[in-house]
Amino acid sequence: MRPYPFSAVVGMDELRLALVLSAISPAIGGVLVRGEKGTAKSTMVRALAGLLPEVEVVEHCRFSCDPGKPDPACPDGPHEDTQGVRRPARLVELPVGAAEDRVVGSLNLERALAEGVTDYQPGLLAAAHRGLLYVDEVNLLHDHLVDTLLDAAAMGRATVEREGVSVSHAARFVLIGTMNPEEGELRPQLLDRFGLTVEVAASRDPGQRAEVVRRRLAYEADPDSFAAGYATQDAALAGEIQAAQELLPSVALTDDALRQIAEVCAAFEVDGMRADIVTARTAVAHAAWCGREVVSTEDIRVAARLALPHRRRRNPFDAPGIDEEQLDQALRDAEPPEDPGPDDDGPGSPEHAPPETDGEQSEGGTRTDTQSAGKPFQAKVFRVRGVGEGERGRRSRAEHEGGRTVGVKPASAREGRPHLVATLMAAAPHQRARGRDRALVLRPGDLRFARREGKEGNLVLFCVDASGSMGARARMREVKAAVLSLLLDAYQRRDKVGLVTFRAGGAELALPPTISVEAAAARLEALPTGGRTPLAEGLLEAARVLRVEAIRDPRRRPLLVVVTDGRATSGADAVGRSHAAAELLAGASVSSVVMDCESGRMRLGLAAELAAHLGAEHVPLDEVSLVDEVRTRIRRAA
């Protein structure tokens, strides 16, 4: 089926511009497209490939070398007096579950040792050279792969190293990632590595929505005829992109324009210098796109709107964005004297501070407390017992390829990276019997593989007591601050998080397990308190969620964090039923922590008793903070 035409997409003007500018100047660093599902993100990216000019490559070169400027280090080289062939620019798609060897390529270590031959099989980075590399759901990709992609995009080269054997090749491409923020954010460090970002959302205009449906149905009914109807527009757009690429080296970035860029980036308090560099490159590309040979204030304004929003986040719970009025003011302040900005004597819009609320709301005539969270802090680290095999993260011990070598696996394992020294030691005693002349004689049974241990991400399931006793003692503010701190810790350690709450008549799954700690923080902030304490129901609901997740994601080990004062006041034999539910979880070998929220001079120790039945670590609320825990230990020692 022919791809959907780029010109046929309705609306999405900012995304269209960002993609075009990245195609004009790949040095910008690519585009991150953020938006809800069903907003044509993937459609536009796939359509962009058809607009790029054809590339001339060395015939039979697997790394798409340019005949005019071949890569001296090309593994298929050297290329001398070779004929070039023209082909369309490629769109290479990287699946979320791709292994590292599939991305960067793989080396046959057995042939390297036995024959002295560097047998390198190129990966997706080589295939994307001089084209597009598209990663759908980039926020679900493993962090180390995202780092690899962004490093290659920034450096223009990909390097593979295995046990002392190294191969490097050119890898210049336009990197485009799409993501749904509801499924979790990228770390700010990774967000910063993308050149531009665009937020997309479905139009609320009925006429525009109807046109989207009309065009999509027409395309599905007859893709060839539909594409033919937009061929002229796409061809004209492709010609404009090529003309802008040719004009790009001639565009001048004056000292005044450069100062404006620096002033704008400083005004928005972005970290580092990457924002300034990307904004400058984007402004130059926009000037070329508009046919100008000198960067103007408008070029800088457009560049800043695309390059700065995702660089203003200070913590993972901040939403990316940019204040247009602040941007205009920064541009006016930075304009050179000979080019004064517009008069600003007009009346400004009055600023209205949001009304303060006391956190109380009335629902059905019943008073319910919704106290806001306190300030988060550095939390104590809780880990899952034992050694797992989960996805890479930063919480608990696990065996995976990203860790350090801690042992050797036999040839029968046939998984992971070969262990060079162990392989040589296994083969050495047999060389005379194998009639070795000069080269090392290896057999498949000689291969040994490295056993590596690192850290994994876990499922951190919070089971939070939201009953009246928590709100009545004004503890919920402190509890929310503690849970928010643990959520921040979970974000940094690449965990999935979920939230079960219990109050009044029962328990509910307030947030199904997700990698979006932002969603968890939002649900926590709006969490009401009140009613009796159905502790047993909360624990049973947590057990049910963990059973379901064990089927969905069996490699991800759980950590249950029960936040309660230990009271159980709902139903007959509430305490006995809660202890039975705790023992059910303990029997399933679930690693658990009980965060004790009991306060006051007279304490019953119910949470500690619950922790004993649960087989859990018992931690008083005032020891969840790492700083407070150290202070407590110092006081006890004194």
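User: Which residue in β18 does T501 stand opposite?
Analyst: T501 faces E508 in β18. Strands here are DSSP E runs of at least two residues, and helices are H or I runs of at least four, numbered from the N terminus. This is a predicted model, where local features need pLDDT of at least 70, side-chain atom pairs count only at pLDDT 80 or more, and totals for chains, interfaces and linings use all residues. Residues count from 1 along each chain as its sequence is written, and side-chain values use heavy atoms, without hydrogens or water.

User: How many bridges join β17 to β18?
Analyst: There are 6, and the two strands run antiparallel. β17 covers residues 496-503. Strands pair when DSSP finds at least two bridges between them.

User: And what order do the sheet's strands come in?
Analyst: It goes β18-β17-β16-β19-β20-β21. That is 6 strands in an open sheet with mixed pairing.

User: Why is one side of β18 left without a neighbour?
Analyst: β18 (506-514) stands at an edge with a single partner strand, so one of its sides has no neighbour in the sheet. β21 (617-620) is an edge strand too.

User: What's the average twist?
Analyst: It averages 15° from one strand to the next. Angles run from 0 to 180 degrees between N-to-C directions, with axes fitted to C-alpha atoms (for helices, over the stretch in contact).

User: What does α21 touch?
Analyst: α21 (606-614) packs on the sheet and touches β19, β20 (591-596) and β21. Contact means heavy atoms within 4.5 Å. The direction of α21 makes about 175° with that of β20.
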